[in-house]
Amino acid sequence: MNNIQSPVTTRLCAGSFALLTLSVLAAPAAGQSQVVRVPVTGTVEMGLAPFIERVIEEAEAAGVAAVVLDIETQGGRVDAALRITSAVSRSRVPVYAFVNMYAYSAGAMIALSTERVLMREGAVMGAATPVDGSGTKASEKMVSAMRAQMRAMSEARGLDPAVAEAMVDEELAIPGVVERGKLLTLTTREAVDLGYATSVADWDGVLAALELPSTDVTEATVNWAERIVRFFTNPVIAPFLLSLGFLGLLVEVKTAGFGLAGAAGLISLALFFGAHLLVGLAGAEDIILVGVGVVLVLVEILVVPGFGIFGIAGIAALLGGLFMAQIGSLPTRADLVQAGSVLLAAMVLVSMTAWSLLRHLPGSWRLRRSGVILGESTDRDEGYTSAEVRSELVGSVGVAITDLRPAGVGLFGDERVDVVSESEWIEEGTHIRILSAEGYRHVVRASKSGQAADRD
């Protein structure tokens, strides 16, 4: 199931996590620069979208003359590119694209969404067919959606839409441009001839072409909050967040009250979902599904005996919600594999850590002495005795008022004392003498004379 969400839903489900970082993500740009240069390099991933959205918002607030996307990318996620193109189309500040050597796939889509494309001599743009992680062409549904998007953007600029569609679908042929069966990728000269771009020599040429030769230029950079969000959505870090979250909650279920383990678990899960919400991978439905899964598992553990339908349904909902929270609205096969790998790694970490804790922690003398864990036996050195030691009773002679087989009750003066025979069974009415007192355990032996000084 695709994780498609509206901007309103995204804002609502981001909740308090978004509010905590809003002041950082929406900090005003330094100075009143007339041109903001935004690097679009490397892979187009979900962390890039909120960065560009923030830069455009700051540019609008500062009233700059233009935003220029400095593009050098081989592509990336289609859903990230769509989010960026949406931000560009809504911008009240002119946004231009500078293709600095190459703009493939998602990079070409981003470039064509701007008001004007400027290409360095020797640059290329195109090859926008969506593919999965193995390089195989994506489904016809995704290809059709991207072809329509490219057509709409080219029509909005008054360009030949067939050229943009040919970048997505190799089945389209354009006489004199590309033949059927070959995907279109334009060089700078070809793009200029087709009216798709303006040729420039370098960055100064970009400013000259935009008639802004004497303006100040500000380089947009990723702030610390965006770095943190990207860090927590990293597929290497995400399994540790999930593992710590569930281990903390498991420990909390097994202990009384609410303590450090539960707080650490909730914070870890909040960081996981908050980061994925901010980059647009997770949605409200994913969090609801995870919440339902947790409730069903707790019902299975605390209410319903054994393991049955509630436990199975809860685990399925929990894993399903966590999986969907990582794949976004237009996942490729690589995205699905990555999300599955994160879940598998988290489950392995939780299982191994839980097994290690259950095996080794009960034997920790430090935890026993601190009272966190109760041992199977205790002694005086650990500060605990089961009953007061009655050392004054040692040597006392009394009468067994029950048969001692081997435990029973003896009468010493007017006091009834629980006793246990040293070895043989002792009949009721026999005189007995206390040999030792060990807390509640008083060891006795039959006394022949019935005197305290008797020695057998």
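A: A salt bridge joins D169 and R147, whose closest N and O atoms are 2.6 Å apart; the term stands for a side-chain nitrogen of Lys or Arg within 4 Å of a carboxyl oxygen of Asp or Glu. This pair links distant parts of the chain, 22 residues apart: D169 belongs to the loop between α6 (161–166) and β6 (185–187), and R147 to helix α5 (residues 140–156). Helices (H or I, at least four residues) and strands (E, at least two) are DSSP runs, numbered from the N terminus.

The model is predicted, so local features need pLDDT of at least 70 and side-chain atom pairs count only at pLDDT 80 or more, while totals for chains, interfaces and linings use all residues. Residues are numbered from 1 along each chain as its sequence is written, and side-chain values use heavy atoms, with hydrogens and water left out.

D169 has a relative accessibility of 8% and therefore counts as buried; buried means under 20% relative accessible area, exposed over 50%, and partly exposed in between (1.4 Å probe, protein chains only). R147 is buried because its relative accessible area is 15%.

Side chains of opposite charge can pair when their charged atoms come close. By this rule the count comes to 14 salt bridges. E422 and R445 form one of them, with 2.8 Å between the closest N and O atoms. E422 lies in the loop between β11 (415–421) and β12 (431–438) and R445 in strand β13 (residues 441–446), so the pair ties together parts 23 residues apart in sequence. E422 is partly exposed, at a relative accessible area of 41%, and R445 is partly exposed at 23%. Returning to the opening pair, salt bridges that share partners join R147, R151, E165 and D169 into one network. A further salt bridge brings together the side chains of R180 and E171 (3.1 Å, N to O). R180 counts as exposed because its relative accessibility is 58%, whereas E171, with a relative accessible area of 38%, is partly exposed.

Helix α5, which holds R147, also packs with helix α3 (residues 78–90) at an angle of about 25°, their axes being 12 Å apart. Here axes are lines fitted to C-alpha atoms, for helices over the stretch in contact, and angles run from 0 to 180 degrees between N-to-C directions. The angle makes α3 roughly parallel to α5 (under 35 degrees counts as roughly parallel, over 145 as roughly antiparallel, 65 to 115 as roughly perpendicular and the rest as oblique).

Aromatic side chains complete the account. A search of the whole structure finds two aromatic pairs; rings of Phe, Tyr and Trp (its six-membered ring) pair if their centres lie within 6.5 Å, with planes under 30 degrees apart counted as stacked, over 60 as edge-to-face and the rest as tilted. The rings of F98 and W203 have centres 6.2 Å apart and planes at 55°, so this pair is tilted. F98 is in strand β3 (residues 95–104) and W203 in helix α8 (residues 203–209), 105 residues apart. Both F98 and W203 are buried. The rings of Y102 and Y104 are stacked, because their planes are at 20°, and their centres are 5.9 Å apart.
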